[in-house]
Amino acid sequence: RKLRIRTNADTPAMAETAVAYGAEGIGLCRTEHMFFEGDRIDFMRQMILAVDQVQRKAALKKLLPFQRKDFVGLFKAMAGRPVTIRLLDPPLHEENPMLGCRGCRLGILYPEITEMQVRAVFEAAASVMTAKKSPMKVNPEIMIPLVGFKAELADQLAIVHRVAAEVMEKNQIKIDYIVGTMIEVPRAAITAEQIAEEAQFFSFGTNDLTQTTLGLSRDDMGLFYDEYQRKEIYNKNPFASLDQSGVGKLMEFAVENGRKARKDLKLGICGEHAGDPDSIDFCHRLGLHYVSCSPPRVPIARLAAAQAALR
Ligand code: PEP
Ligand code: MG
């Protein structure tokens with residue numbers, strides 16, 4: 001096969017399972033999943049419900065040690081393999097509109113959230129790299145969610161670079177890292193050439209890209225899906241198997257135009273489609289570098305990627 005197979009994992013246990021199945025890296029660590037445990041969920045709630053920056057910063061200060069410890073665990077479990085960490089994209093749409101204040105909008109409104117997360121990533125990397133017992137190399141890949149404008153990415157990038165430089169200076173260490181973006185709204189795909197001027201990698205978030213391209217929420221499709229299938233309007237569930245002639249066209253456009261701005265642009269996919277054989281075949285033909293799927297699908301993804309290469 002040509003495609004690398006990464007995994008979507010947020011805990012050391014998930015990461016270890018995926019590596020045992022042959023995963024070559026983490027393509028998506030959803031950091032919002034790292035706040036559910038009983039010892040930190042209250043601080044997360046305090047952060048969400050904070051009425052001003054003072055309250056928010058106080059909650060973030062309490063969250064930082066948990067984030068740092070979790071990233072240390074994740075980096076150790078991955079033993080030098082690439083790890084893509086996505087900044088917070090909490091599913092607040094369970095309370096709010098799906099397309100409300102989420103993804104990078106959150107970090108743009110409240111830069112202290114981005115700052116805390118980036119600090120946790122780099123402090124964890126520094127601690128793993130300088131550990132007395134079995135130090136390991138760590139090359140974090142920071143990923144910004146729900147970007148549609150180059151300026152959104154630039155805003156968050158400035159924070160990432162500033163905090164990374166601070167941590168490296170303080171620890172007298174050089175950490176090689178890259179910063180990229182999810183491509184999960186049509187505008188990001190359409191303006192890929194501009195976005196690639198800032199992004200070192202693209203990871204197609206085909207869950208949201210499907211939602212936003214089809215104008216459809218993954219949470220309430222059940223209401224009409226059976227009828228759509230019966231009438232053969234959808235041949236397949238578009239959240240399970242990539243809508244190649246619609247969403248796929250946007251991906252194709254983004255790959256072609258992103259590469260115009262950056263020849264060595266890294267390209268991957270981390271939506272659920274990354275574990276579906278037909279979608280993997282499409283990603284192979286598109287020339288992506290990797291697919292990132294959930295741990296139990298890693299063996300299927302490896303096989304499907306090999307079959308795609310043979311075909
Ligand atoms: C996506 O949108 O494809 C994605 C991977 O992000 P999430 O599922 O967390 O929205
Ligand atoms: Mg998404």
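Mentor: Happy to! Let's begin with accessibility: a residue is buried under 20% relative accessible area, exposed over 50% and partly exposed in between, using a 1.4 Å probe and protein chains only. This is a predicted model, where local features need pLDDT of at least 70 and side-chain atom pairs count only at pLDDT 80 or more, while totals for chains, interfaces and linings use all residues. Residues are numbered from 1 along each chain as its sequence is written, chains are lettered from A and ligands numbered from 1 in written order, and side-chain values use heavy atoms, leaving out hydrogens and water.

R105 sits in helix α4, residues 104–109 (helices are DSSP runs of H or I with at least four residues, strands are E runs of at least two, both numbered from the N terminus). Setting aside neighbours within four places in sequence, R105 touches L99, G100 and L146, contact meaning heavy atoms within 4.5 Å. With G100 there is more detail: a polar atom of the R105 side chain lies 3.0 Å from the backbone oxygen of G100. L265, on the other hand, is 160 residues from R105 in sequence and 24 Å from it in space, C-alpha to C-alpha.

Eight strands close into a barrel with parallel pairing, running in order from β1 to β8; two strands pair if DSSP finds at least two bridges between them. On average, neighbouring strands of this sheet are turned by 25 degrees against each other, direction ignored. (Axes are lines fitted to C-alpha atoms, for helices over the stretch in contact, and angles run from 0 to 180 degrees between N-to-C directions.) As one example, β2 (residues 26–30) and β3 (residues 83–86) pair over three bridges, and I26 has V83 as its bridge partner in β3.

Helices pack on this sheet. Helix α3 (residues 53–78) touches β2 and β3, its direction making about 155 degrees with that of β3. Helix α5 (residues 111–129) touches β3 and β4 (140–144), and its direction makes about 170 degrees with that of β4.

Elsewhere, helix α11 (residues 247–261) has buried residues including L250, M251 and A254. The buried residues of α11 pack against several elements, among them β6 (201–204), β7 (266–269) and α12 (277–286).

How values were computed
Polar contact = N/O pair within 3.5 Å; in protein donor to acceptor, adjacent residues only side chain to side chain.
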